[in-house]
Amino acid sequence: IGIIGCGAISNAYLLATKRFPVLSVKAVADIDLARAKAKAEEHGVPVACTPDELLADGDIELVINLTIPNAHYAVSKAALEAGK
């Protein structure tokens, strides 16, 4: 799994995914790379990157889109177009 959008709500998702052994968060991404890096460190996620880098990662099968409403459609569309 990759998560795009590292705002406050991402904490709930990152904590919840730890309850399901079948899920593995490989990367978090944000347009603010420093925010993504901080969130990755806080939750032990191995990769922090830009949204474009996350979408290009062939190991990521599923994207959780936690972006703001104005960006939600574009990110969801890009994820689908990337085969996620």
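Student: Which residues does Val25 touch, not counting residues up to four places away in sequence?

Tutor: Welcome! This is a predicted model, where local features need pLDDT of at least 70, side-chain atom pairs count only at pLDDT 80 or more, and totals for chains, interfaces and linings use all residues. Residues are numbered from 1 along each chain as its sequence is written, and side-chain values use heavy atoms, with hydrogens and water left out. Contact here means heavy atoms within 4.5 Å. By that rule, leaving out residues up to four places away in sequence, Val25 touches Ile1, Ile3, Leu14, Thr17, Val45 and Pro46.

Student: Is Val25 buried or exposed?

Tutor: Val25 sits in the loop between α1 and β2 (27–29); helices (H or I, at least four residues) and strands (E, at least two) are DSSP runs, numbered from the N terminus. Buried means under 20% relative accessible area, exposed over 50%, and partly exposed in between, using a 1.4 Å probe and protein chains only. With a relative accessible area of 14%, Val25 is buried.

Student: Which residues make up the largest nonpolar core?

Tutor: A nonpolar core is a set of buried Ala, Val, Leu, Ile, Met, Phe, Trp, Tyr and Cys residues joined through side-chain atoms within 4.5 Å. Val28 is one of the members, and its contacts beyond four places in sequence include Ile3, Cys6, Leu14 and Ala36. The eleven residues of the largest core are Ile1, Ile3, Cys6, Leu14, Val25, Val28, Ala36, Ala40, Val45, Ile64 and Leu66.

Student: At what angle do helix α1 and helix α2 pack?

Tutor: Two packed helices are described by the angle between their axes and the distance between the axes. Axes are lines fitted to C-alpha atoms, for helices over the stretch in contact, and angles run from 0 to 180 degrees between N-to-C directions. Ser10, Asn11, Leu14 and Leu15 in α1 meet Lys39, Glu42 and His43 in α2. The axes of α1 (residues 10–17) and α2 (residues 33–43) are 11 Å apart, and the packing angle is about 35°.

Student: How many disulfides does the structure hold?

Tutor: A disulfide is a pair of cysteine sulfur atoms within 2.5 Å. The sulfur of Cys6 has its closest cysteine sulfur in Cys49, 8.8 Å away, so the two are too far apart for a bond. Both residues are buried, Cys6 at 2% relative accessibility and Cys49 with a relative accessible area of 5%. The number of disulfides is zero.
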